[in-house]
Each structure stands twice: as C-alpha cells, then as structure tokens.
Amino acid sequence: CRQNAFQVIAVDGVCSGIIQCLSAEDCIDWLQAIASNISNLTKHNIKKINRNFPVNQQIVYMGWTEEREQDSLQDRMYTPKFLALRGSSLYKFIAPPVTTWDWTRAEKTFSVYEIMCKILKDSDLLDRRKHCFSVQSESGEDLYFSVELESDLTLWEKAFQTATFLEVERIQCKTYACVLESHLMGLTIDFSMGFVCFDAATKAVLWRYKFSQLKGSSDDGKSKIKFLFQNQDTKQIEAKELEFSNLFAVLHCIHSFFAAKVACLDPLYVGSQATASSAPTTSGTGKLKYTT
C-alpha cells in the first residue's frame, strides 16, 4: 500500500496510524529507535518479573512476532502473537502476560527440548515477508512466524538455543516409552551416558550406546525410528528400530541433547550461559509493522 511506512500498535490496541517516511533509510532509523526503546523497557520488565520466579523458571525471551495462519475464508494471513521462553517452555500468547495468572492462560505451550526451530533461508520463505522462522511442535505441527527486523531474528535464534541448552543441562535425561518387537520398552536419552534401552517391566538394560556411537538414523514420519550405532569393539554398524507414539517429540529431544552436547565443546558458550537467565533477550520491535 505504502512504501517506507510503519505503524505502532499498543497492547490495548491503540494504533498510531500509518506513518510514512521520506526514504527507506528514515523508516529503518525510526524502526530501530523505537525498537531499541521497546527492547530496553521489556528487559526492565523481565528483570522485575524474574524476581518472583525460581532459577528454573526464569524468562529468557519475550517479544512480538506474527504467525502465518490459514483461514478458510481468506488467503494466508498473519496474526500478532507474543512469544516467551521461560524455564522449560515456549509460550504463545495473544497478548503479553502481565500477572502470574496470565502465564497459565497461554494459547499454547511447548517443551523447548521437544520442538525444533528453523531459521528460514530466502528459498524457504512462503511469501514476500523476510526474517521468518518455523517451529515444529512435538506433534509434528509446523508453525510459521515472522519478525520485523533481521536483528530480531538473531535475538530469537540465540534465545532459543540458550533456553534449550539450559533445560537439557537441568533435566540431564529424558525417558520415552517405546515398542520393540511387540514388547514394551523404555528409551532413555541421557546427557552423560547417551542412549539406554531397557525392558519396561523388568528394568533390565537391553543395550546402551554413547552419543558418539550414533552414526545415522531414519524414521518413517509416523512412529518408527531406526538407529545406526557403531559397536566400539567390532566397529560394525548395529541397527536398532523402535516404535514411539510421540515420534516428533523423541526426534526433537534427541536433536536438543546433541546440540547441547556440541555446545559443551565450546567453553566460551558454556560460560555465557551461566548468566543467560539474568540477562534475558527481548524482541526489540514490540508490535511494529511494515506496511507493504
């Protein structure tokens, strides 16, 4: 509709109207200035909120995005959503949480180590909007979000990595029920030991492998995962196939544990996570919108 234009919308819905700048540079300058102010205020607010939460429930990120939705009566449309990374969860709100009670009224919540986040390249974008990312939930549902500025995308990516790393470090292991040759089993993904498969009834361990022994895997997109592990003694590849009722949650959890394991190889990254909760990340744009 108008180039080099933006609008600012408050939480209560009051809108500035469309503000058109003389040039693209002026528009970006205004957006960056407003975004910086919103970011500073949000950080101050997060710091106050975190005083009331224990260490394992600290807020790492809060900010506005727009979610791409499919409406049966219209073409693709975007709806403002407020995302927050707090403790073990990603929260999706229609409006920012103000009270403690508001945190129980999120539109959706996801366990950060059971979802997958992907920053989208230009070839992956679904329309003219840039600065987009997707989140695949534990059920396999794909959520598509956009933010206003490239810097917002970078902040989100770092915040998600931080939240996932901190949660994996906290829980250390996660066990999922599975089926092997019609027998009920359990698969434990352990940050220290790797993969441990055991009989659900007797608790007897059938096999165990370190993360470094996993040489490949594949899944059928429904319930089965085939793991290819290398035997440390014989160096032979051993295939193990398990069936899960929550396939995507298991796949994402394995990815999260591997990512955290790799991150641990970087002492600078590990050191930076020690203060992650006390230095939360915010999306700087608030609810700024380009009008195109």
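Q: Why is R170 called partly exposed rather than buried or exposed?
A: R170 has a relative accessibility of 45%, and because buried means under 20% relative accessible area and exposed over 50%, with partly exposed in between (1.4 Å probe, protein chains only), R170 counts as partly exposed. The model is predicted, so local features need pLDDT of at least 70 and side-chain atom pairs count only at pLDDT 80 or more, while totals for chains, interfaces and linings use all residues. Residues are numbered from 1 along each chain as its sequence is written, and side-chain values use heavy atoms, with hydrogens and water left out.

Q: What makes R170 and E167 a salt bridge?
A: A salt bridge requires a side-chain nitrogen of Lys or Arg within 4 Å of a carboxyl oxygen of Asp or Glu, and the closest N and O atoms of R170 and E167 are 2.7 Å apart, so the pair qualifies. E167 itself is buried, at 4% relative accessibility.

Q: How do you know that K118 and D124 also form a salt bridge?
A: Their N to O distance is 3.8 Å, which by the rule just given makes the pair a salt bridge. K118, at 44% relative accessible area, is partly exposed, and D124, at 28%, is partly exposed as well.
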